[in-house]
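Here are a few friendly notes to read alongside the model. Please keep the structure open as you go through them.

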Amino acid sequence: REGKDLHADVRITLKQALLGFELDLEHLDGRAVTVRSPPGKITKPGDVIKLRGEGMPVHNFPSEFGDLFVTCHVDFPAEVTQAQTQALQEHFV
């Protein structure tokens, strides 16, 4: 937490980083908050997704809320198979 804003970390796979993802996080109040990668955008390690209005209520203004900042951490595979290497070489320039 930083003032009215909340911070969270998520771990995603390399596949999710490249192709997109949608994850549910449990908010402090117990409800699910959906985090989505921007369509067509590759998520890099350390990218931050801002969810407006999902932070803490603003003191003396209960109808106003801070934001939730979600930092993405990408889990890279330790190794790739020969078939995976070939497939990657065929699909990437």
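1. Start with the largest pocket, which is lined by Leu 14, Lys 15, Leu 18, Leu 19, Pro 77, Glu 79, Val 80, Gln 84 and Leu 88. Helix H1 (14-19) and H2 are the elements that give two or more residues to this lining, and H1 gives the most, with four residues. Helices here are DSSP runs (H or I, at least four residues) and strands are runs of E (at least two), numbered from the N terminus. A pocket is an open set of points on a 1 Å grid over the protein atoms alone, where a 1.4 Å probe fits, with protein on both sides within 12 Å along at least five of seven lines; lining residues have an atom within 4 Å of a point.

2. A word on the source: this is a predicted model, in which local features need pLDDT of at least 70 and side-chain atom pairs count only at pLDDT 80 or more, while totals for chains, interfaces and linings use all residues. Residues are numbered from 1 along each chain as its sequence is written, and side-chain values use heavy atoms, with hydrogens and water left out.

3. The largest pocket has a volume of about 240 Å³, this being the space filled by probe spheres set on the points. By class, its lining has six nonpolar, one polar and two charged residues. One of the lining residues, Glu 79, sits in the loop between strand S7 (68-75) and H2. Glu 79 counts as exposed because its relative accessibility is 68% (exposed is over 50%, buried under 20%, partly exposed in between, with a 1.4 Å probe and protein chains only).

4. How many salt bridges does a search of the whole structure find? The count is seven, a salt bridge being a side-chain nitrogen of Lys or Arg within 4 Å of a carboxyl oxygen of Asp or Glu. In one of them, Asp 75 and Arg 11 meet at 2.8 Å, N to O. That pair links distant parts of the chain, with Asp 75 in strand S7 and Arg 11 in strand S1 (residues 6-13), 64 residues apart. Asp 75 is partly exposed at 34% relative accessibility, and Arg 11 is exposed at 54%.

5. Asp 47 counts as buried, at 17% relative accessibility, whereas Lys 44 is partly exposed at 46%.

Conventions:
Nonpolar A, V, L, I, M, F, W, Y, C, P; charged D, E, K, R; others polar.
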